[in-house]
Amino acid sequence: MTPPAGDRDPAHTPVRVLLCDDHAVVRAGLLALLSSAPGIEVIGEAGDGEEAVALAAALRPDVVLMDLQLGSGIDGIEATRRIAGLAEREGECGDGHEAGRDVERDVAGRGAAGRGASGRGAPGRGAPHVLVLTTYDTDADINRAIEAGATGYLLKAERPEELFSAIRAAAAGRSTLSAPVAHRVLAQMRSPRPGLTDRELDILGQLARGLSNREIARALFISEATVKTHLGRIYDKLGVDTRAGAVSVAKEQRLLP
């Protein structure tokens, strides 16, 4: 039986990894890279968030290597949230082993079973650890991933040795952040952003309705230039750079009704 991650002996028990990235070429590259790392075994691959959640439930890897942008369907943040909650949901269902078998049969039916005998499900092991591997390092993405339950946050620009080390750390339940990510997190802690003003909240509400800058200006009886100025401040405070990002973060932080 595979020992718990915290009791793992790296010399004898490989870290079982599930890859999730919507680009087949990226997955192939990661598979080749990780195959060269001692003590790491890739047991499955997923091309979207839903598949990653199903495979994580069926195969129970030690670590899920998760991209954030996954094309259609749920994104990496939502997939992380669901994977992090697997143990809790298993306990609620009453019979975790039967639930795991059901999920595994569903995955197998889709032709997405894991690699080799070690890829069989182990439903009683608890939720896998999720290690985000992405190109995005905005404050909003980092905060959302951590809040969703990610154990670590790594950028794809890292050296292979850093990735290997982060995977092993995640398997043991230890957090790892890329240096730029750690810098941003510390900067937020040292200088928390001020809250939104009443006017900025008004503009954010209009933004959530899908209004253009001109329409927001008309609705609030202000100039379009003023709207643009306020939007810039809103983006800065929320740590985003798009209208959709501002609305998404505002909903998560309950800034919108």
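Two strands count as paired here if DSSP finds at least two bridges between them. Helices (H or I, at least four residues) and strands (E, at least two) are themselves DSSP runs, numbered from the N terminus.

A word on provenance. This is a predicted model, in which local features need pLDDT of at least 70 and side-chain atom pairs count only at pLDDT 80 or more, while totals for chains, interfaces and linings use all residues. Residues are numbered from 1 along each chain as its sequence is written, and side-chain values use heavy atoms, with hydrogens and water left out.

**The chain overall**

The chain has twelve helices and five strands. Of its 257 residues, 43% count as buried; buried means under 20% relative accessible area, exposed means over 50%, and partly exposed is in between (1.4 Å probe, protein chains only). Contact means heavy atoms within 4.5 Å. Among contacts in the chain with a separation of 6 or more, residues 24 or more positions apart account for 67%.

**Walking across the sheet**

Strand 1 (residues 15-20) runs parallel to strand 2, and six bridges join the two. One place to look is Arg16, whose bridge partner in strand 2 is Glu41.

Further along, strand 3 and strand 4 pair in the parallel sense over four bridges. Leu65 stands opposite Leu131 in strand 4. Leu131 has a partner in strand 5 as well, namely Gly152. Strand 4 and strand 5 run parallel too, joined by four bridges.

How enclosed is strand 4 by the rest of the structure? Largely so, because five of its six residues are buried. As a rule, side chains in a regular strand alternate between the two faces of the sheet.

Strand 4, helix 6 and strand 5 make a right-handed β-α-β unit. Right-handed is meant in this sense: with the strands pointing away from the viewer, the path from the first strand over the helix to the second runs clockwise.

Ala84 belongs to helix 3. Not counting residues up to four places away in sequence, Ala84 touches Ala127, Ala148 and Gly149.

Now for a helix pair. The axes of helix 6 (residues 139-148) and helix 8 (residues 179-190) come within 10 Å and cross at roughly 90 degrees. That makes helix 6 roughly perpendicular to helix 8 (under 35 degrees is roughly parallel, over 145 roughly antiparallel, 65 to 115 roughly perpendicular, and the rest oblique). On the helix 6 side, Asp139, Ile142 and Asn143 meet Val181, Arg184, Val185 and Gln188 in helix 8. By class, that contact has three nonpolar, two polar and two charged residues. Ala, Val, Leu, Ile, Met, Phe, Trp, Tyr, Cys and Pro count as nonpolar, Asp, Glu, Lys and Arg as charged, and the others, Gly among them, as polar.

**A few residues worth a click**

Most residues other than glycine have a negative phi, and most peptide bonds are trans. Arg60, in the loop between helix 2 (49-59) and strand 3, has a positive phi near 50 degrees. Phe221, in the loop between helix 10 (213-220) and helix 11 (224-238), also has a positive phi, about 60 degrees, although it is not a glycine.

His230 is found in helix 11. Leaving aside neighbours within four places in sequence, His230 is in contact with Arg199, Glu200 and Ile203.

Here is how these residues compare in accessibility:

| Residue | Relative accessible area | Class |
|---|---|---|
| Arg60 | 3% | buried |
| His230 | 13% | buried |
| Ala84 | 34% | partly exposed |
| Phe221 | 76% | exposed |

Definitions and conventions:
Axes are lines fitted to C-alpha atoms, for helices over the stretch in contact, and angles run from 0 to 180 degrees between N-to-C directions.
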